[in-house]
Amino acid sequence: MDTNHINQSQNNLEKLISVLKTEDARYLKKMNQTQQLLWGVSAVYVILIALKFIMSTPWYEKLGGFLTLVALVVLALMFRNYYKEYKSIDYGIPTIEMLKKAAIRYSFQLRGLYIVVPLILEGIGINLLMYDAFKMFDPIPRILIFQFVYFIMLLIAFIVGHKIWKKRQKPLRDHALALLKEFES
């Protein structure tokens, strides 16, 4: 019976490693594409800000463009960091260490909440850029309506991201934790 248990654990481990490699490769590609997109949009914003400074636009539009650019650059750097992490994954390390790292990698991590700071900055920047687009409202309602809509969009994105995590990454984390528990006992 022990041999069967060991063989079953080995088969589960091989299956998990195969799925992890596939998911890591998919995530690596997604991080690279997102990073490239953010750098491209940042380049467009550099041109936009330059045009705003050349033309006589209000100060708040210039500030809004600058804040949005800063947010995009910070986001691009964050995705660059994630890309480097996924690129450096090593499956040749000891099994227990590899399972621990996989479980951490596919946990719903609080460090991902750092993304909120550039997203808030981006929201303020876009709001300043689009301030004149909503002239039918007074200034305070203009700002509040935009921020409310922006917050709802971020909330929807978070909910969708959490559902994707529960469907794709949580089973990997759970499987890695179960195998880790089995190997450690």
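Biologist: With which residue does Lys 101 form a salt bridge?

Modeller: This is a predicted model, and in it the closest N and O atoms of the pair are 3.6 Å apart, which lies within the 4 Å that a salt bridge requires. Both residues of the pair belong to helix H3, which covers residues 95-105, and they sit 4 residues apart, about one turn of the helix. The partner of Lys 101 in this salt bridge is Glu 97.

Biologist: Are Lys 101 and Glu 97 buried or exposed, or do they fall in between?

Modeller: A residue is called buried under 20% relative accessible area and exposed over 50%, with partly exposed in between. Lys 101 has 45% relative accessibility, and Glu 97 has a relative accessible area of 36%. Because both values fall between those two limits, each residue counts as partly exposed.

Biologist: Which residue meets the side chain of Glu 61 in a salt bridge, and is Glu 61 buried or exposed?

Modeller: The distance from N to O in this salt bridge is 2.8 Å, and the partner of Glu 61 is Lys 52. Lys 52 has a relative accessible area of 16%, so Lys 52 is buried. Glu 61 has 11% relative accessibility, and therefore Glu 61 also counts as buried.

Biologist: How far apart are the closest N and O atoms of Arg 173 and Asp 174?

Modeller: Arg 173 counts as buried at 18% relative accessibility, whereas Asp 174 counts as partly exposed at 30%. The two residues form a salt bridge, and the distance between their closest N and O atoms is 2.7 Å.

Biologist: Which residues are linked in a network of salt bridges, and how many salt bridges does a search of the whole structure find?

Modeller: Side chains of opposite charge can pair when their charged atoms come close. In this protein, the network links Glu 23, Arg 26 and Arg 168. For the whole structure, the number of salt bridges found by the search is 7.

Biologist: How many helices and strands does the protein have?

Modeller: Reading along the sequence gives the pattern α-α-α-α-α. The count is therefore 5 helices and 0 strands.

Biologist: What radius of gyration does the protein have, beside that of a compact globule of 185 residues?

Modeller: The C-alpha atoms fill a box of roughly 80 × 30 × 20 Å along the principal axes, and 32% of the 185 residues count as buried. A compact globule of 185 residues would have a radius of gyration near 16 Å, but for the protein the value is 22 Å.

Notes: Residues are numbered from 1 along each chain as its sequence is written. This is a predicted model: local features need pLDDT of at least 70, side-chain atom pairs count only at pLDDT 80 or more; totals for chains, interfaces and linings use all residues. Side-chain values use heavy atoms; hydrogens and water are left out. Helices (H or I, at least four residues) and strands (E, at least two) are DSSP runs, numbered from the N terminus. The radius of gyration is taken over C-alpha atoms; the globule rule is 2.2 Å times the number of residues to the power 0.38. Buried means under 20% relative accessible area, exposed over 50%, partly exposed in between (1.4 Å probe, protein chains only).
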